[in-house]
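This report concerns the fold of a single model and a few residues within it. Please view the sequence and the structure together before reading on.

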Amino acid sequence: MAHDIDEIDPLTIAETWLDEGRKVAVATVVETWGSAPRPVGSHLVIDGEGNFHGSVSGGCVEGAVITEALDVLEKEEPRMLEFGVADETAWRIGLSCGGRIRVYVERLG
């Protein structure tokens, strides 16, 4: 039975990418406040070419998280990101849902 790739868990995709020899980072929602688009534990996986799967924000801040993840892969240093409506940059990158999220980004493997 074929599966739609959107139904596959992002961590399963990450494992496949690692097995293929790709550099892989995972972004995980670790904390939310107010109206957050995705629950704690949501994942977005990113490879060194900028391919990604999953979601940490329902699309609102994925671009910024992917950019940060590519930097994490290059520097091999994890980082904590925070996005919220109170932060002026959040409006620029699209987190206008009224909540805040913290996302931890780390390299796998």
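The model is predicted. Its five strands form an open sheet in the order S3-S2-S1-S5-S4, with antiparallel pairing.

Two of the strand pairings can be described in detail. Strand S1 (residues 24–33) runs antiparallel to strand S2 (residues 43–47), and five bridges join the two. Within S2, His43 stands opposite Thr28. S1 also pairs with S5 in the antiparallel sense, over nine bridges. Along S5, Arg102 stands opposite Glu31, and Glu106 is the bridge partner of Val26.

**The helices on the sheet**

Helix H1 (residues 10–19) packs on the sheet, where it touches S1, S2, S3 and S5. The direction of H1 makes about 20° with that of S2. Helix H2 (residues 62–75) lies across S1, S2, S3, S4 and S5 and runs at about 55° to S2.

H2 has 14 residues and reaches 20 Å from its first C-alpha to its last, close to the 20 Å expected at 1.5 Å a residue. Which residues of H2 are buried? They are Glu62, Val65, Ile66, Ala69, Val72 and Leu73. Seen down the axis of H2, the buried residues fall within an arc of 115°, so they line one face of the helix. An α-helix has 3.6 residues a turn, so residues three or four places apart point the same way. The buried residues of H2 pack against S1, S2, S3, S4 and S5. Thr67 and Glu74 are exposed residues, carried on the face of H2 turned away from its buried side.

**Selected residues**

| Residue | Relative accessible area | Class |
|---|---|---|
| Ser57 | 0% | buried |
| Leu73 | 3% | buried |
| Glu106 | 29% | partly exposed |
| Glu76 | 52% | exposed |

Leu73 belongs to helix H2. Its relative accessible area is 3%, under the 20% limit, and therefore Leu73 is buried. Leaving aside neighbours within four places in sequence, Leu73 is in contact with Lys23, Val24, Ala25, Ile46, Asp47, Gly48 and Arg107. One of these contacts, Gly48, is 25 residues from Leu73 in sequence, while the C-alpha to C-alpha separation is 6.8 Å.

Where does Ser57 lie? Ser57 is placed in the loop between S3 and H2, and at 0% relative accessibility it counts as buried. The side chain of Ser57 makes a polar contact with the side chain of Glu62, at 2.6 Å. Glu62 is itself among the buried residues of H2. Beyond its neighbours within four places in sequence, Ser57 is in contact with Pro37, Arg38, Glu62 and Ile101.

Glu106 is located in strand S5 (residues 100–108). Because its relative accessibility is 29%, between the 20% and 50% limits, Glu106 counts as partly exposed. With neighbours within four places in sequence left aside, Glu106 is in contact with Val24, Ala25, Val26, Val72 and Pro78. Among them, Val26 is its bridge partner, and Val72 is one of the buried residues of H2. Glu106 and Val24 are 82 residues apart in sequence, yet their C-alpha atoms are 8.7 Å apart in space. Val24 is also one of the residues in contact with Leu73.

Glu76 follows H2 and lies in the loop between H2 and S4. Most residues other than glycine have a negative phi. With a relative accessible area of 52%, over the 50% limit, Glu76 is therefore exposed.

Key
Residues numbered from 1 in each chain as written. Predicted model: local features only at pLDDT ≥ 70, side-chain atom pairs only at ≥ 80, totals over all residues. Heavy atoms only, no water. Helix = DSSP H or I, 4+ residues; strand = E, 2+ residues; numbered from the N terminus. Buried < 20%, exposed > 50% of the residue type's maximum accessible area, 1.4 Å probe, protein only. Contact = heavy atoms within 4.5 Å. Pairing = 2+ DSSP bridges. Axes fitted to C-alpha atoms, helices over the stretch in contact; angles between N-to-C directions. Expected span 1.5 Å × (residues − 1). Arc of directions from axis to C-beta. Polar contact = N/O pair within 3.5 Å; in protein donor to acceptor, adjacent residues only side chain to side chain.
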